[in-house]
Number of protein chains: 2
Amino acid sequence: MERPKDERRWKVIRSEYLHRKPWLTVRQECVELPNGNRIPEYYVLEYPDWVNILALTRDKQFVLVRQYRHAYGHTDYELCAGVCDPEDSSPLEAAQRELREETGYGNGVWQEFMTISANTSTHTNLTHCFLATDVEPVVARHLEATEDLSVHLFSLEQLKDLLKQDLIKQSLMAAPLWKYMAENHLF
Amino acid sequence: MERPKDERRWKVIRSEYLHRKPWLTVRQECVELPNGNRIPEYYVLEYPDWVNILALTRDKQFVLVRQYRHAYGHTDYELCAGVCDPEDSSPLEAAQRELREETGYGNGVWQEFMTISANTSTHTNLTHCFLATDVEPVVARHLEATEDLSVHLFSLEQLKDLLKQDLIKQSLMAAPLWKYMAENHLF
């Protein structure tokens, strides 16, 4: 979406990279607000765009993964998700590749469902959330050595139980799941 | 919520702070997965818990703020949000303080609505989302020098337009807003 020039945009007075590695790139900036006040140490986390997939099989089962998340320190049910690689020609291609690799599911009908940020104040990237219906098992799963996750099919009632119990902790996944419930009048 | 011991928990082989400042604290860790594979450089972002508030006035207007977000580079409508300070006795107290300071609204009926994470793989903290109904103007706004935001009252239809146009970019706010729509059958 094209946006008009932003009258509230902050002026960057100074910018330097604190750290520049594949999994953590941080800029430290001195910025000036429109009111003239300065923030001398503002941190910007640079990431490539991410994707996640609300995937449903032909018989209306939701394809979830279960995965340990180290920073939070818990194992939870989640949507399949991943990072847009340089080789992916589009977020859609990245999402289709991630669903295939992590869960073995593919085909089906795909639509971009919403585009959100983990935190617009600190993250440069967006997460493209896709809705994929009528997916089916197409290949064997192909996990990377550092991926340790299991695949689970959930009925609508089981998924609603997870939501009611506040067990979907990833906001990037809770948002599309609740949007799906709202738009389809499932709650 | 008490959780059982996690059989998928990763072992921390080495951990050191890369950076330790009020607005950015990062640990670099070498971790070992249950399958024996190691990730030599895993980054954990430590933050205090955050809060946000889905606030409604007595005449069913939604209290939103409009704010520039530097990392993403755009100004958007958002829920009022903030950080739990050490002086706040609870997330509820932090949320009530933030709503008062940023918008001037207070009183009303409060409930914890959901608890989510910006990203459980990188963030240690949770965001406590509150639903506050029947709020009313109680004090003059009191912004910090580095806060530059305006307050806006939105009708349900105006808020639904924002959601339909995919203009709520903060996933930590999109999730409670869509949950509210789903539970109250407003879409």
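**Note on the cavities and the A–B interface**

1. In chain B, strands β1 and β2 each supply at least two residues to the lining of the second largest cavity; helices (H or I, at least four residues) and strands (E, at least two) are DSSP runs, numbered from the N terminus. This is a predicted model, in which local features need pLDDT of at least 70 and side-chain atom pairs count only at pLDDT 80 or more, while totals for chains, interfaces and linings use all residues. Residues are numbered from 1 along each chain as its sequence is written, chains are lettered from A and ligands numbered from 1 in the order in which they are written, and side-chain values use heavy atoms, with hydrogens and water left out.

2. By class, two of the lining residues are nonpolar, two polar and three charged (nonpolar: Ala, Val, Leu, Ile, Met, Phe, Trp, Tyr, Cys and Pro; charged: Asp, Glu, Lys and Arg; polar: the others, Gly among them). A cavity here is a set of points on a 1 Å grid over the protein atoms alone where a 1.4 Å probe fits but cannot get out, and lining residues have an atom within 4 Å of a point; the volume is the space filled by probe spheres set on the points, which are joined across faces, edges and corners.

3. Residues of both chains line the largest cavity, with A:L163, A:D166, A:L167, A:I168, A:A174 and A:W178 from chain A and B:M114 and B:K179 from chain B. This lining has six nonpolar and two charged residues, and no polar ones.

4. Between the two chains, 74 residues of chain B are in contact (heavy atoms within 4.5 Å) with 74 residues of chain A. The area buried between them is about 6500 Å², of which carbon and sulfur atoms give 56%; this is the accessible area (1.4 Å probe) lost on putting the two parts together, summed over both.

5. Four salt bridges are counted between chain B and chain A, a salt bridge being a side-chain nitrogen of Lys or Arg within 4 Å of a carboxyl oxygen of Asp or Glu. The side chains of A:D148 and B:R8 meet in a salt bridge, at 3.6 Å from N to O. On the side of chain B that touches chain A, the elements giving two or more residues include β1 (11–21), β2 (24–32) and α3 (171–183) of chain B. The largest share of that side, nine residues, comes from α3(B), and by class the side has 35 nonpolar, 21 polar and 18 charged residues.

6. Over all chains, the count comes to 30 salt bridges. The side chains of B:E32 and B:K11 also meet in a salt bridge, at 3.9 Å from N to O; B:E32 lies in strand β2 of chain B and B:K11 in strand β1 of chain B, so the pair ties together parts that are 21 residues apart in sequence.

Note on methods. 1 Å grid on protein atoms, 1.4 Å probe; cavity = no way out; pocket = protein on both sides within 12 Å on 5 of 7 lines; lining within 4 Å.
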